[in-house]
Amino acid sequence: MTLWRIRATVDDRPGYLSVLTASLALRGVNILAVQVHTTERGAVDDFLVDAPDTLDEAGLVAAVERGRGRDCWVARSEARGLADQPTRALGLATRLVRDPDSAGEALRALLGADTVTWRPSPAGAGCGIAETTMLLEDPAGGSFALHRAAPGFTPAEYARAQALVELSAAVARRAAEQVTLVLPDGAEVSVRPAVADDLSGVVELHEECSPHSRHRRYLGGAGIPAPDRLRRLLEPNRGVTLLATAGGDAGEAEPVVAMANLLAEGDEAEVALLVRDDWQRRGLGSALLRRLVRHAEQAGYAALVLHVQAENAPMLRTVRRLGRPTPTERDGGLVTLTVPLVEGASARHGV
C-alpha cells in the first residue's frame, strides 16, 4: 500500500462527497484523513489515502473523476502526513513561541509551499490568494509572498497562514517588551507585560505569598482572589500589568515572583504591588514601581494613586524613594498617596 494526497473540488450538495468516497473505495483506496475547504467554486476536499501499489496517479485521478470530483491533484505522501492538521499546526505554533523568527519556515511547513519570501514593503490591498500564490501582511512589518506549483491555495489555508504570522508577531512583541533587571543583591529577574496565559503562574504567586502579604495588597482580606478577578488584572481595559519572573528550573517556565498593576480611570491610574515574601526587601518593588511610573508618564496620565495600609512601612518607603512630592491623605488605617506625573500633565495640557 502507498500513501497519497488527493485534492479535488466537489459540488457542495448532499451526497456528492459519498459518491467520491465510494468511487475510491471500489478501487481499494482507504481514506485515512480528510479536510474540507469551502470555496466559491465548491468544497475542496483534501484526502490522505492509502492505495494499493498497483494503483498509480492516473488511476487515482480517474477514480476521482468517476466520483464526480474535478480539478483533481494527486501526489505521493510520506508517513509524517499521518499527523492531523490540528496537531501539525500546534507543533508549528510551539516552534514559533520558541523562535519567532522562524515564521517563514513555519509557513512553508504548514502549507507545503515551494517558496516563502519576506518583503519589506506592506502587502496593502494585494493581500489574499490567486491560485498558486499567496500574499500575507506581516503584523510586525512587511509581507510574506508564498508560491506553490500545485495545488492552488484555498481561503482556509490563507486563514491558517494569517493566524500563524499573527502569532509570530505577538511572540516577537512580547520578547521585545521583556527586560532583565539586576537587583542590588545581584539577583536577576525578567520583567514583561502580562497576558491571559499567565493566569496559572499568577495564581501560584498568590498561593506562595503569605496571608499577610496578600492582605497588604488587597486591603480587604487575605484570601486568593477569584480567577475572574485575576484575569481582569492581567489584561486591564486601561493600564498594564507587569510580571517579574525568576529562578526557574532548566527547561521549565520561570515562576512569577511579583505582580505590579496599573489600572487607569480618567486622568489618574491606581497602582498596586504584590511581591513574593522571599523576594521582598530586595529592591524589586521599587524597580517595578519605577517602570509603572514611566509607563504612566508615556501614556499621559496626570498622577498615580496608591492605597496603602498605614502600618505597611516597606511600601511607604518604596513610594518615598521615587523622590517626588507626594500628597498624603489618611482615613483610619488607610493611607492614600498621590504621585504627580509632570510629563503626563504637561502632555495633556499641550505644554
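Me: Two strands pair if DSSP finds at least two bridges between them. In β10, which residue is the bridge partner of valine 179?

Reply: Valine 191 is the partner of valine 179. This is a predicted model: local features need pLDDT of at least 70, side-chain atom pairs count only at pLDDT 80 or more, and totals for chains, interfaces and linings use all residues. Numbering starts from 1 along each chain as its sequence is written, and side-chain values use heavy atoms, with hydrogens and water left out.

Me: How many bridges join β9 to β10?

Reply: Four bridges join β9 (residues 179–182) to β10 (residues 188–193). The two strands run antiparallel. Strands here are DSSP runs of E, at least two residues, and helices are runs of H or I, at least four; both are numbered from the N terminus.

Me: Which glycine in the hairpin of β9 and β10 takes a positive phi?

Reply: Glycine 186, with phi near 90°. That hairpin has five residues between its strands.

Me: And where does β11 come in?

Reply: β11 (residues 239–245) pairs with β10 over four bridges, in the antiparallel sense. Leucine 243 of β11 stands opposite arginine 192.

Me: Confidence next. What pLDDT does the chain average?

Reply: The average is 89, and 95% of the residues score at least 70. pLDDT is the predictor's confidence in each residue, from 0 to 100.

Me: Where in the chain is confidence lowest, and where highest?

Reply: Helix α11 (residues 342–348) is lowest, at a mean of 45, and α6 is highest, at 96. Over residues 344–351 the pLDDT is below 50. Beyond near neighbours in sequence, this stretch has twelve contacts in the model. Contact means heavy atoms within 4.5 Å.

Me: Back to α6. At what angle do the axes of α6 and α8 cross?

Reply: Roughly 115°, and the axes come within 10 Å. α6 covers residues 199–208 and α8 covers residues 227–234. Axes are lines fitted to C-alpha atoms, for helices over the stretch in contact, and angles run from 0 to 180 degrees between N-to-C directions.

Me: What does that make α6 and α8 to each other?

Reply: They are therefore roughly perpendicular. Angles of 65 to 115 degrees get that label; under 35 is roughly parallel, over 145 roughly antiparallel, and the rest oblique.

Me: Left-handed or right-handed, α6 passing α8?

Reply: The crossing of α6 with α8 is right-handed. A crossing is right-handed if the near helix is turned clockwise from the far one by less than a right angle, left-handed if anticlockwise.

Me: Which residues make the contact?

Reply: Leu199, Val202, Val203 and His206 from α6, with Pro227, Leu230, Arg231 and Leu234 from α8. By class that gives six nonpolar, one polar and one charged residues. Ala, Val, Leu, Ile, Met, Phe, Trp, Tyr, Cys and Pro count as nonpolar, Asp, Glu, Lys and Arg as charged, and the others, Gly among them, as polar.

Me: Over to the sheets. What is the order of the sheet that has β2 in it?

Reply: β2-β3-β1-β4, an open sheet of four strands with antiparallel pairing. β2 (30–39) and β4 are the edge strands, each pairing on one side only. Neighbouring strands are turned by 15° against each other on average, direction ignored.

Me: How many bridges join β1 to β3?

Reply: Nine, between β1 (residues 2–10) and β3 (residues 42–51). Threonine 9 has valine 44 as its partner in β3. Helix α1 packs on this sheet and touches β1, β2 and β3. The direction of α1 makes about 20° with that of β3.

Me: Which residues of α1 meet α2?

Reply: Leu20, Ser23 and Leu24 in α1 meet Ala63, Val64 and Arg66 in α2. The axes of α1 (residues 16–25) and α2 (residues 57–66) come within 8 Å and cross at roughly 145°.

Me: What about the sheet with β8?

Reply: That one is open too, four strands in the order β5-β8-β7-β6, paired antiparallel. Its edge strands are β5 (115–119) and β6 (128–130).
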